[in-house]
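Subject: Structure handover

Hello,

The sequence and structure are below, and my notes follow. Please read them side by side.

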Amino acid sequence: MIDAKNFKHLNYIKKEPLSGSYDGMRYMLMKEKDESGDYIQGYVWPEPLGFAKTADDKKTGCRFTLDEDGVGDAVAWLNKEYFEHYMKQ
């Protein structure tokens, strides 16, 4: 399970994409912007390739608010994605 305490640095996400992997699943959280403002965009995809080399149809994305609550929601979503699609039975 991905632990939320490893994602306490919202300021990092505001400046650089935060990426990692967990037991066959890769993930990335990054700041993005559109006409409604800034937000966190999360992505998950299967190992072994990195984000740029993985086909878009293999990636799943979700949007979160750019605040501490959004980081918590993103971690909950990462764990949900892991348990639903990547956990080895």
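There are 6 salt bridges in the structure, a salt bridge being a side-chain nitrogen of Lys or Arg within 4 Å of a carboxyl oxygen of Asp or Glu. This is a predicted model, in which local features need pLDDT of at least 70 and side-chain atom pairs count only at pLDDT 80 or more, while totals for chains, interfaces and linings use all residues. Residues are numbered from 1 along each chain as its sequence is written, and side-chain values use heavy atoms, with hydrogens and water left out.

Among the salt bridges is that of Asp56 with Lys59, whose closest N and O atoms are 3.2 Å apart. Asp56 is exposed at 62% relative accessible area, whereas Lys59 is buried at 16% (buried means under 20% relative accessible area, exposed over 50%, partly exposed in between; 1.4 Å probe, protein chains only). Another salt bridge joins Lys31 to Asp38 (3.7 Å, N to O). Lys31 is partly exposed at 36%, and Asp38 is partly exposed at 35%. Lys5 and Asp3 also meet through their side chains in a salt bridge (3.8 Å, N to O); Lys5 is exposed at 55% and Asp3 partly exposed at 34%.

Two surface patches came up. Patches are made of residues with over 30% relative accessible area and no salt bridge, with like charges joined within 9 Å and nonpolar side chains (Val, Leu, Ile, Met, Phe, Trp, Tyr) within 5 Å. Asp67, Glu68, Asp69 and Asp73 make up a patch of negative charge. Glu68 belongs to helix H2 (residues 68-86) (helices, H or I, have at least four residues and strands, E, at least two, as DSSP runs numbered from the N terminus). The nonpolar patch consists of Met1, Phe83 and Met87, with about 310 Å² of accessible area together (Shrake-Rupley method, 1.4 Å probe). Met87 sits in the segment after H2.

Asp23, between strand E1 (18-22) and E2, has a positive phi of about 45° although it is not a glycine. Ser36 is in the loop between strand E2 (25-34) and strand E3 (37-46) and is exposed at 63%. Its side chain makes a polar contact with that of Asp34 (2.6 Å); a polar contact is a pair of N or O atoms within 3.5 Å, one able to donate a hydrogen and the other to accept it within protein, and residues adjacent in sequence count only if both atoms are side-chain atoms. Pro48 lies in the loop between E3 and strand E4 (60-65), and the peptide bond from Glu47 to Pro48 is cis, with omega near 15°.

Regards

Terms used. Lys, Arg positive; Asp, Glu negative; His and termini not counted. Charge placed at Lys NZ, Arg CZ, Asp CG, Glu CD.
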